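I opened this notebook page to record what I looked up in the model, going from the overall fold to the charged side chains.

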Amino acid sequence: MENYPLIVLPVDDKDIEKTIAIAVDKKIDMVELRIDQFSNLDIEYVVEKAKVVKKYDLGMIATVRSKDEGGTDIPDEDRIKIFEAVVEYADILDVELTSKSMNRKVVELAKDEGKLSLVSYHDFEKTPENEEIQEIIDASAQLGADIIKYAFKINSVDDIRRLMCVTAKNSHRKLVAIGMGELGKITRVAGFFFGSVLTYTYIGRAFAPGQIEAGKLIEELKFYGLRS
C-alpha cells in the first residue's frame with residue numbers, strides 16, 4: 001500500500017481465472033473478490049476462489065457487500081463466517097459503515113490477522129453535503145478503519161468540487177473517494193491528486209456506475225503521470 005495509485009479489479013466467480021490472467025497482463029494491482037455476487041456461497045467454494053487469486057500473487061480485497069449498498073441479501077452471521085474463512089488469503093477486508101451489527105467485528109478480525117480493514121459507504125442517489133461526508137469519514141476512523149471508502153452518485157459539477165475538497169481536507173488519512181455515474185468518472189483519475197489511494201476498474205462488465213474500463217483507465221493514468 002505504498003505506491004499509489006493502485007488499480008483494483010472487482011471480480012465474481014464467473015470465468016475468474018481467465019479474468020485474473022487478463023488483469024495480470026494489464027498490470028492491475030489488486031482484485032476485489034465480490035463474494036456477494038458469487039453463484040455459490042458455500043465456504044469451501046469461496047475459499048477455492050480466493051486461492052485462485054493468491055495463486056497469481058495479486059493483492060486481494062475481500063468484500064461481502066450488503067444488499068442495502070449494492071450487494072446481496074446475506075445474513076450478517078453468514079457474512080462474518082465468510083470473512084473468517086477468507087481472511088487468511090485476503091490483504092484487505094471491506095465492510096460497510098452501515099453494517100452496524102458486524103462492522104466492528106470485521107475490523108477487529110482484520111487487525112487480529114495482520115490484515116487491513118476498509119470501511120465503506122455508498123450512496124447511489126446523491127452526494128451528501130460536506131458535513132455529512134465528514135461525519136462518514138470520522139465515524140469510519142472511529143471504528144478503526146485502515147482505509148476509508150466513500151462512493152457517491154454525482155449529479156452536478158458542484159458535487160465533484162465538494163467531494164474532492166472534503167477528500168483533500170482529510171488527505172492525512174488513507175481514503176478512497178469515488179464519484180459514481182457519468183459525471184463522476186473524472187474522480188476515478190483526479191481523485192489521486194486530492195488524496196484518494198485506490199480506483200476501481202472493470203474488464204467485460206462494470207460493477208458500479210461510472211467505472212472506467214481497465215485499458216482506458218491505465219491510459220488515462222499514464223497520460224497524467226500517475227502510472228509508468
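This is a predicted model: local features need pLDDT of at least 70, side-chain atom pairs count only at pLDDT 80 or more; totals for chains, interfaces and linings use all residues.

Entry 1, overall fold. I counted eight helices and nine strands in the protein chain, where helices (H or I, at least four residues) and strands (E, at least two) are DSSP runs numbered from the N terminus. The radius of gyration is 16 Å, close to the 17 Å that the globule rule gives for 228 residues, so the chain is as compact as a globular protein of that length; the radius is taken over C-alpha atoms, and the rule is 2.2 Å times the number of residues to the power 0.38. Along its principal axes the C-alpha trace spans about 45 × 40 × 30 Å.

Residues are numbered from 1 along each chain as its sequence is written, and side-chain values use heavy atoms, with hydrogens and water left out.

I found that the structure holds 14 salt bridges, each being a side-chain nitrogen of Lys or Arg within 4 Å of a carboxyl oxygen of Asp or Glu. Asp36 pairs with Arg34, the closest N and O atoms being 2.8 Å apart, and both residues are buried. Lys54 forms a salt bridge with Asp91, the closest N and O atoms being 3.2 Å apart. Lys54 lies in helix H2 (residues 43-55) and Asp91 in the loop between helix H3 (76-86) and strand E4 (92-96), so this pair ties together parts that are 37 residues apart in sequence. Lys54 is partly exposed at 28% relative accessible area, and Asp91 is also partly exposed, at 30%.

Asp158 forms a salt bridge with Arg162, with the closest N and O atoms 3.2 Å apart; both lie in helix H6 (residues 157-169), four residues apart, about one turn of the helix. I looked up their accessibility too: Asp158 is partly exposed at 38%, whereas Arg162 is buried at 13%.

Which residues are linked in a network of salt bridges? I listed Glu32, Arg65, Asp76, Arg79, Asp94 and Glu96.

Note on methods. Buried means under 20% relative accessible area, exposed over 50%, partly exposed in between (1.4 Å probe, protein chains only).
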